[in-house]
Amino acid sequence: MNSYQKSEELFLRATKVIPEGIYGTRKPGFVLPKASPYFAARGAGGHYWDVDGNEFIDFMCGYGPNVLGHAHPEVDAAVRERVSQGFSFNQPTEEMVELAELMTRLVPIADWAVFAKNGSDVTTWAIRVAREHTERSKILATKGTYHGSHAWCAAYPAGVTAEDKANIVYFNWNDLEQFERLVEKHRGDVAGVIMTPYYHPACAPSIMPAEGFWKGVREICDREGMLIILDDIRVGFRVHIQGSYAMFGIEPDLICHAKAMANGYPIAAAMGTKEVLGAAEAVFISGTYFYSPMEMVAALTTLRILEETDAIPEIARMGTRLKEGLESLGKSHGYNVTVSGPAAIPYLSFDDHPDLYHMQTFCREAIARGVFFHPHHNWYICAAHTDEDIDRALEAADAAFKVVREELGG
Amino acid sequence: MDATLQASIFLKAIMPLMENLVEYDQEAAAAIEGEKLTVQFDIKDGPAAYLTVENGAVRHGIGKHAKPDLWLTFPTADHFNNMIAGKGKPGIRKGFTRLGFLTKKFPVLGKRLMYHLRGEGKDDSSPEARRFQVELGFRALLGGMVAVVSDDPKMKSIAESMPVGTLYARVLPDGPQGSFGKVADNTFTATFGEAVENPNAVMELGSLEIARQLINGETLPVIAIGTGDVVIHGSIPLVEKINVLLGRVSRVMG
């Protein structure tokens with residue numbers, strides 16, 4: 001049985017000086033309070049250790065950024081080298097140009113790139129570029145999709161005004177008819193649509209795009225002079241070296257990248273086609289740290305490794321082993337379980353128990369056995385995961401399913 | 001703070017507690033002894049509620065009573081809130097001769113309600129008094145959530161996006177229990193004192209003391225969850241939306 005004593009002590013210290021102690025997606029209530037760590041200490045490859053010394057196979061990968069694994073020697077060495085030469089200057093460095101060159105080569109649909117720190121930075125900027133390009137106000141977005149924490153896309157209303165969201169119009173994923181109706185309703189005032197490549201909400205299975213959905217969206221956008229903004233932050237280079245558009249056959253005008261591009265170093269990118277370059281040049285983007293070469297070096301190294309090695313197919317292979325193993329184990333314990341989403345970004349669900357009691361018990365038991373499965377969020381596979389990790393994860397899952405059966409039955 | 005919402009929560013979530021108050025608190029019971037009347041609180045273009053006092057009991061109703069004995073009117077929610085704070089007077093549409101209830105008896109009820117609700121006597125109170133305080137707080141929060149989903153424009157998106165389902169909350173080992181849920185679009189319910197079969201989510205408060213601290217704002221829900229004093233299972237989307245409503249009610253109630 002894991003002890004989380006230090007985690008809990010740190011949490012109590014934190015509550016005295018930090019709102020909520022731990023905020024946002026890392027707050028204890030979003031995972032499994034008392035049954036999972038609150039604070040991490042170190043990581044290596046596909047594993048990490050919490051402040052109490054408990055070791056876990058890491059199937060969250062820092063909520064996505066660790067695509068090559070923790071403390072990757074090549075990435076970290078490149079960063080250390082850059083740090084030794086200074087990394088906070090009055091001008092950008094050569095790495096910014098190199099990274100834009102590399103990314104536009106890797107993502108052939110895009111002709112340019114700008115850099116920021118977080119996904120929210122670039123999704124927010126991208127919708128402004130769409131508005132500038134089209135000289136229209138409204139943005140269509142799918143209901144329940146996370147595009148960041150800025151006011152226009154905040155999931156919760158605290159501190160958000162009606163005006164902040166006045167020009168965001170929501171439709172249901174895969175509902176092309178509703179999309180068309182809304183475009184018609186707001187004809188002439190819709191700048192574009194922002195979507196993830198597939199639907200990946202929290203606490204619910206991932207849903208792939210229906211046959212012809214993206215094609216239909218593109219046709220409507222072309223007809224109406226609207227732009228497609230692809231929020232590829234969660235998926236991106238984890239599934240394809242060109243990003244997810246290549247995997248799903250999407251033709252975006254603007255693309256937002258972040259998580260899987262620098263192995264955990266904080267950098268985000270917005271990319272676009274030459275047609276929207278003028279608007280991109282007009283919409284101001286800046287931030288004190290947006291030019292930092294430290295993260296750019298990390299991105300250059302990470303993307304080169306992803307391109308030059310079999311990291312991406314290996315991630316898919318490991319994910320497929322995990323998916324097939326979990327579905328088979330679930331069945332052997334009498335449960336209909338589905339692992340949805342791409343193999344690299346799996347989401348496990350008990351099909352007959354959408355209220356999550358079964359999922360929470362399952363993940364509690366897996367975590368107790370050293371396998372960090374999140375009960376409410378999709379998981380991530382990284383290139384450092386090994387066949388042995390998958391074997392251990394499935395062994396823990398087998399035991400966890402057994403406990404679920406004993407505690408909750410069918 | 002939105003004045004209409006504040007008034008709505010008082011009328012719909014706090015005022016009903018007077019029913020329970022006079023059953024428990026001797027001073028409050030004494031204040032209404034021998035009284036028989038219905039008092040209407042009527043905010044122009046806003047919420048309305050009434051209290052019927054009879055046979056030593058209080059009954060609360062939302063909306064307008066057919067034949068109130070004392071009909072109090074307020075041009076704005078601010079006027080109502082000021083009266084509750086003891087800083088203003090209402091208009092009297094009917095029942096000048098019954099005004100004594102408002103000036104002498106109603107303040108006693110209000111004072112005793114706040115005494116229990118805010119746990120002002122907690123240091124020397126009995127276990128029963130502490131339980132009563134938690135019960136009042138529990139009821140107020142449940143009623144407050146029903147009020148905010150209907151009357152708070154800021155909570156509209158939360159109410160809309162909340163999944164249909166019921167959260168069952170209970171204080172362990174045998175404390176107060178209740179539920180809040182969305183039955184269908186724009187339809188919300190709250191129950192008190194009843195267990196719920198097959199709820200979509202369960203919130204267990206570890207003790208009466210934890211419940212009291214949460215209700216009094218002495219500890220935050222997020223901290224109690226982190227320390228394991230509050231345990232939540234089930235539909236997290238439902239719980240997260242309800243937490244937003246609870247936070248809103250707590251802030252409005254101060």
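How many cavities of 30 Å³ or more does a search of the whole structure find? The search finds 1. The model is predicted.

## The cavity

The largest cavity has a volume of about 30 Å³. Its lining comes from chain A: Arg136(A), Val183(A), His186(A), Arg187(A), Gly188(A), Asp189(A), Val190(A), Glu224(A) and Met226(A). By class, the lining has 4 charged, 3 nonpolar and 2 polar residues.

## Helices 2 and 10 of chain A

Helix 2 (residues 73-84) of chain A packs with helix 10 (residues 293-308) of chain A at an angle of about 150 degrees. Their axes are 9 Å apart. Angles over 145 degrees count as roughly antiparallel, so helix 2 of chain A is roughly antiparallel to helix 10 of chain A. The crossing of these two helices is right-handed.

Helix 2 of chain A brings Glu74(A), Val75(A), Ala78(A), Val79(A), Arg82(A) and Val83(A) to the contact. Helix 10 of chain A meets them with Pro293(A), Met294(A), Val297(A), Ala298(A), Thr301(A), Thr302(A) and Ile305(A). This contact has 9 nonpolar, 2 polar and 2 charged residues.

## Helices 1 and 6 of chain B

Helix 1 (residues 3-14) of chain B and helix 6 (residues 127-151) of chain B pack at about 135 degrees, with axes 8 Å apart. That angle makes helix 1 of chain B oblique to helix 6 of chain B. The two pass in a right-handed crossing.

From helix 1 of chain B, the contact uses Leu5(B), Ser8(B), Ile9(B), Lys12(B), Ala13(B) and Ile14(B). Helix 6 of chain B contributes Ala140(B), Gly143(B), Gly144(B), Ala147(B), Val148(B), Ser150(B) and Asp151(B). By class, there are 7 nonpolar, 4 polar and 2 charged residues in this contact.

Technical notes. Residues are numbered from 1 along each chain as its sequence is written. Chains are lettered from A and ligands numbered from 1 in the order in which they are written. This is a predicted model: local features need pLDDT of at least 70, side-chain atom pairs count only at pLDDT 80 or more; totals for chains, interfaces and linings use all residues. Side-chain values use heavy atoms; hydrogens and water are left out. On a 1 Å grid over the protein atoms alone, a cavity is a set of points where a 1.4 Å probe fits but cannot get out, and a pocket is an open set with protein on both sides within 12 Å along at least five of seven lines; lining residues have an atom within 4 Å of a point. Grid points are joined across faces, edges and corners, and a volume is the space filled by probe spheres set on the points. Ala, Val, Leu, Ile, Met, Phe, Trp, Tyr, Cys and Pro count as nonpolar, Asp, Glu, Lys and Arg as charged, and the others, Gly among them, as polar. Axes are lines fitted to C-alpha atoms, for helices over the stretch in contact, and angles run from 0 to 180 degrees between N-to-C directions. Helices (H or I, at least four residues) and strands (E, at least two) are DSSP runs, numbered from the N terminus. Angles under 35 degrees count as roughly parallel, over 145 as roughly antiparallel, 65 to 115 as roughly perpendicular and the rest as oblique. A crossing is left-handed if the near helix is turned anticlockwise from the far one by less than a right angle, and right-handed if clockwise. Contact means heavy atoms within 4.5 Å.
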